[in-house]
Amino acid sequence: MTHLPTSSFPALLVGLPILLATLSLFFGSKGRAVVGLAGSLLTTALSLIAIAEVTRRGTVIHILGGWDPPLGILLRIDPLAAVFIGMLALVGVFISLYAWWYFRVREADTGGLPQFWPLWLFLWAGMNGLFLSNDLFNLFVTLEVVGISAVALAVLSGKTTALTAGLRYLLAAITGSMAYLFGVALIYGSTGTLDISLLGQVLEPGATTTFALLVITLGLMIKMAGFPFHFWLPPAHSAALAPVSALLSALVVKGAFYILLRLWMEVFGVSLTYAAGQLIGVAGAVAVIWGSWQAFMQTSLKLIVAHSSVAQLGYLLMVFPLLILAPGVTTDSADWLSPAWTAGIYQVISHAFAKASFFLSAGIIIMALGHDRIESLRNLVGNMRITAMAIGLAGVSLIGLPPSGGFMAKWMLLKGIFLSGQWWWAPVVLTGSLLTAGYVFMLLRLAFAPAREMDTFRPVPKSLEVVALLLAIGSFLIVFPADFLIQFLESSAVFGSGIEPIMEGGEYGNN
Amino acid sequence: METTSILPLLILVSSLIPGILILLLKEEQVGLRTFLNLFGAVAKVSLIAWVFAGYLRGEEYTFFFSLALDLTFSLRVDQLGLFFAALSAVLWLVTTLYAIGYLEGGMHRRRFFAFFSLCVTASTGIALSGNVLTFFIFYEFLTLSTYPLVVHRGTDKAVEAGRTYLWYTIGGGTILFLGVVGLFVLAGPIYFGQTEIIASLISDYPTQLTILFFLLLTGLAVKAAIFPLHGWLPVSMVAPAPVSALLHAVAVVKAGAFGIVRLVYDVYGVGVAEKMNYLNVLAAFAAFTIIYGSVRALFQDDFKKRLAFSTVSQLSYIALGVAIPGVLTSTGAIVHLVHQGIMKITMFFAAGNVAETYGYKNISQLNGIGRRMPLTMGAFTIAAFGMIGLPPVAGFISKWYLGLGAVEAGSYWVVLVLLASSALNAAYFLPIVYRAWFYEPEYEVSRLRQSGRLEAQALLLIPVVVTGLLSLAAGVFAASAGSPLSIAREIAEKLYMLL
Amino acid sequence: METYQIYSLTSAVLFVIGIGGVFITRHFIKKIIATMIMGGGVFLSFVSFAERDALTFADPVPHALVITGIVVAVASAAFALALARRIYQQTGDISFSNDK
Amino acid sequence: MSLIIDGLLAILAIYLALQSLLAPRLTQSVFLFFAFGLALALAWIRLAAVDVAITEAAIAAGFLGVLFLDALRDFAPRIPAKNEAVQKQYSKSQTKSLFLPRLTLWAGLGLFLLIALEAVWKIPEGGGLTAAAGTLLPESGVENPVTAVLLNFRAYDTWLEMGVILIGLLAVFAAGGKMAYRKPGVASQDPLLRQVILFFTPVLFLFGAFLLYIGKTGPGGAFQAGVLWGAIGILLHLGGWPFIALMPRWLGQLLLTVGLGFFLVLGFLFMAAGGALFEYPPAYAGILILIIETLAAISIAAALSAIFALLNQIGEEADEIESTT
Amino acid sequence: MTIVELITVIFLVVGCFFFLAGTLGVLRFPDLFSRLHALTKADNLGLGFIAAGMALHIASPWAALKILLIWLFTLLASSSTCYLIAHFQKEQDQLKNRKEGE
């Protein structure tokens, strides 16, 4: 990998937000907001320039300290990482704009919560670092940067529910990190390298590798709230402040998924069996049904949205069984790999946009009403039509109706499912969609219903509503560059690849 | 592929842009809103006329936009599509006028007109879509843009109706989705008219293709209100009259019926559908729905509900026509697409006029209404005669062709169904006509309306008269060139020539 | 059996004790301790492999990783402790209530 | 012989770990965890990881132990009535919980343990990076290979880790809600404590500086030094000189961020000059690393003492709330 | 075995004995004060012997100085901690007595 063109963008993408976060610590509440917002805009601009660079030059790397792996650490932006960084930048900048106005409104009663901006920039840097990293241990450190700053953001409001949910989240995050790190230790012990690209070449199947795969998957599943480790997500995401919920749900959980995807596809190919893919697919399927059903049963808006995240993350896990080929099938003959990958990427991006918009809208409603019980959404359409529209559009994208990004994801997923002949996943996808439609339209029905009690809607800055709406529209617009996006991704080595399990069975996998 | 043309897209944009702009306007900007609306409607009709003229000259209009991999957004002009698009566009223009009058001073008019425009965009999109994917996109878009119109009144009843509507249509949409993806996987991106693809695959994948056909059919049958998936249609009659008129007589339900036509003729092909016995199943369901809808209509006192069940029944004529192979039945089915639209919209306008002017919603209140609203009820009477199938109104033509075709195909039972249905039609429409014209009014006229004007106001009246006359004209001038019948016949002949 | 194997086996035991403890114990502080025990196990495995791979000096990379890891773990534990104490201060709860 | 010692140490560590989770009283748990940390430190020594041993003893057992002890003020003895009630509630719910799920849980853990043991037992010889580090050590500017890895070969990890400490501090702030730096009211009245603290301050400082400097050639370095200097802050705080709260805001922030900031800015400067991030010319690497380590130790010390001070304050607030009610 | 080694061994054994005694005291004594007593006195002495033994064993003056310093610091730390704990306990007891007196 060291022969690729080098560029200083990877270093800047991590360094700049941290520099700005550090800088912002020197200011008071107002100054931090200014530095924070400026930092967000700068980071977004930098991310976009970096992506442009990748489209021009292909995968670029940065060898930190000039030490080649395996001793040193290598950062790389390949198209897959670029897409994630782009998603982070686009959604992140909207959330930053929202936060800017949000905290200005809340300034009176909270003092503006000065920790938000530095923590958010640290989180951003951590996510960038996570997407860029090509080193197993470095991934652990970035996971921790992301994890601690995410929990810290989640407890910002200082309310008891937020603190309790935050502690649960934090303990889950630490447990997940440690499990991940144990796997890293075993891998390092058995290969003497931490570099992902090198590992892909030297890792041998065996009991140790299988166990490392198990604990790493376990740890990352805990971190991304995959079923059955989803318990921490709904309370943590629903108790946080609106911009925080948005970025936790839309962005942070995707980090663990990204690592899982990379490691499964690039490192653990030798140790994976067809059954492993099916197993994680089942976890995803249960999450889809269970999460959607739970969302359907909730009575407060943020809890609905939070449970919906569990379900939407389940769809991501359902991509894995398609990527691991049945015995006898080769990568060349498997024509569903490209749709399956597209489904995964589109699910990530469209969920990021739609969920961010949903949580931001929920924040607006809480700001207007003082609470988020859904009965009070009555006549939302009359009172706040922009927010109602944002919720409607974001909901449509979550359901997966055309022509949203969610539709693209579900279409490609179903197509992959049919092409691969694993038809048993299809009912799950459809049931999930129907249940999602159930809770989204439950909200919309209330939004159109006549007001019953006199819930007074306090005025909320229009700019907040517009940001939420723009994100919702974004979840539709992302369909249009699909062709370009897929072409771009196809130039990355990992996109469109599948795993051909070497053999079946063994004691608990390949031995 | 052929060169792309922006014209089909413009036809869509002519209602999409006004819709979005109206959403951004303020509630009070009535003038600008009306202008946008009418401008869009007129532009749409003119564009379709332009394209029609070009099409007759032999020009091809297609528009492509590749989304991803083999997902292509495609608009294509063919005769069948244009036929349906023209119907939607003309009736949109008429209904817009009607709605402006009907909703004067009402609530949320901005929302209403915006979504109304979006609905029409969706139904023209369905008409002009060139492949299955595009059709599906607009089909779902139609569902979504109709929802705010169904719950427009915002009452609990309306919201409940909205819920029923959504469960049916989203459920149908999901099944359709499954079918569409399955079709994609098996047969690739199918463009309408490429029946040879399925024909070549049917021997290899008979089971899968059969399952897919019925998945697709079920998804479409929801909107076409074929028994037992018709439940949403009578419920959603709580919507304002223009909505019921355009959407539940034309745009939404016809989208389903049109979809069935496309499915049988342009995707699977009549040959395959007949060989695999799909058509018999469809015919059975359609025939049953015809009778069932009529019987249910008989027992409705709510004016609009009776019309709604009548719609359920009448829509299945189209399905039935599709299900009996033959040029004549196809002609009947396609022409009924238009004829039923014109007649039913007339009836809904009339019902709306009565409700708006006098507040009567039930048939039992209509005693002598014809004396006060002669023009409205005159138009209604014409349409009712048409529905029953009396010559020379449009409905007669469709029924005639359907019956003739059935005899030619040897399906004599269809004739029986048609006769029975006509008798039932008569049984539920004639009492209204009779009551309106020959009963004594129950109340003093002056007490009912202070303004002194007995007939509905002009904006409400003109559309109903126009559509009433149109339904008469479509029957009387059926034989002349350019009439719906002649176009339908041309389409049907082309379809069978291809075989 | 070599020295490193004693410790690497111990590391696996500690890891399992920790992960079990996180889920089974109830008190906040004990849960935090359990995560630290997990961490201890993980670090022990790193260092045992370093000892195995020693030449003139033990493999320095795992040592460096463990030092980094310890600091990171302590930072998260301190945060967890702060949260636990705040929760106790606000509600008097010393464990998560059973409703999840 | 050495195998027996190692075996005993291993058994001791496992026993302490189990006991610290199973001990009925929280105080016991915390002290056993202390002991566990020390046992681990001994294990590091046995494994020739002196750097790790110092770090473990200083941070994991030392600093974290202090935090746990401080937390005991809240949790352990104060309101026994309430704790007892909660305990009772537990025992009740424990008896209520079903036999079968618990059996499955234990069986699952047992199985997991077996797999884990097999995995570490069968681990192939990877060879590690000892040779690679040894070859490149002369270019790193330091002689202690661990320091070379930390501050040069994998400086990026170390830099991010300093970020983690800072984030940890911000997080503790965030957990504290609206609480800002607050000046504690009364200084400790105990003259002996004050004298001892005053005596230890320069000693700790010197020892920290020694560790920092020695880190270039032998075990020691920024983290260990940082913790010792942080201990000064903690002691001063306990002795009634809350210097973090007393110093001007900007100075405190400067101390907290200087390590991370300088590290990065230096990296950026060399990057602007055409190198990679954290790439130092071999000739200057030694001195640059020493500067970075010094500043890093300062920041770590400031962050750790601030974390302690904040946590301590949470306890004090709790005390106040208690005394007012 | 040289004489130095012999002395080393003796010192170490004696140191261990004191440690053992101290630990026994902690376990067996009834109250806090006597436990503290056992802990600090016996352990410091034990540590002193062990330090002396090690200093002899290493036989480098600098190392011996370091070991001496370690012992001194431990002595200082443990005695002051002992004092603080005892002081705290005494205050608590007084507080208790006062409360009971009321």
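User: How many residues of chain C are said to be in contact with chain A, and what makes a pair a contact?

Analyst: 29 residues of chain C are in contact with 24 residues of chain A. Two residues are in contact if their C-beta atoms, placed from the backbone, lie within 7 Å. This is a predicted model: local features need pLDDT of at least 70, side-chain atom pairs count only at pLDDT 80 or more, and totals for chains, interfaces and linings use all residues. Residues are numbered from 1 along each chain as its sequence is written, while chains are lettered from A and ligands numbered from 1 in the order in which they are written.

User: Which helices of chain C supply the side that touches chain A?

Analyst: Helix 1 (3-24), helix 2 (28-52) and helix 3 (60-91) of chain C each supply at least two residues of that side. Helix 3 of chain C has the largest share, 15 residues. Helices (H or I, at least four residues) are DSSP runs, numbered from the N terminus.

User: How many residues of chain D are in contact with chain C?

Analyst: 74 residues of chain D are in contact with 64 residues of chain C. Helix 3 (residues 50-75) of chain D gives the most to this side, with twelve residues. By class, the side has 52 nonpolar, 13 polar and nine charged residues.

User: What are the domains of chain B, and where do their bounds come from?

Analyst: Chain B is divided into domain 1 (1-239 + 246-265) and domain 2 (277-444 + 451-499). The bounds come from an automatic or database domain assignment. Taken over C-alpha atoms, the domain centres are 22 Å apart. The contact takes 35 residues from domain 1 of chain B and 40 residues from domain 2 of chain B. Helix 3 of chain B gives the most to the domain 1 side, with 13 residues. That side has 29 nonpolar, five polar and one charged residues.

User: How do you know what confidence the predictor has in chain E?

Analyst: From pLDDT, the predictor's confidence in each residue, from 0 to 100. The mean for chain E is 84, and 97% of its residues reach 70 or more. Confidence in chain E is lowest in helix 3 (residues 61-101), at a mean of 84, and highest in helix 1 (residues 3-28), at 87.

Methods. Ala, Val, Leu, Ile, Met, Phe, Trp, Tyr, Cys and Pro count as nonpolar, Asp, Glu, Lys and Arg as charged, and the others, Gly among them, as polar.
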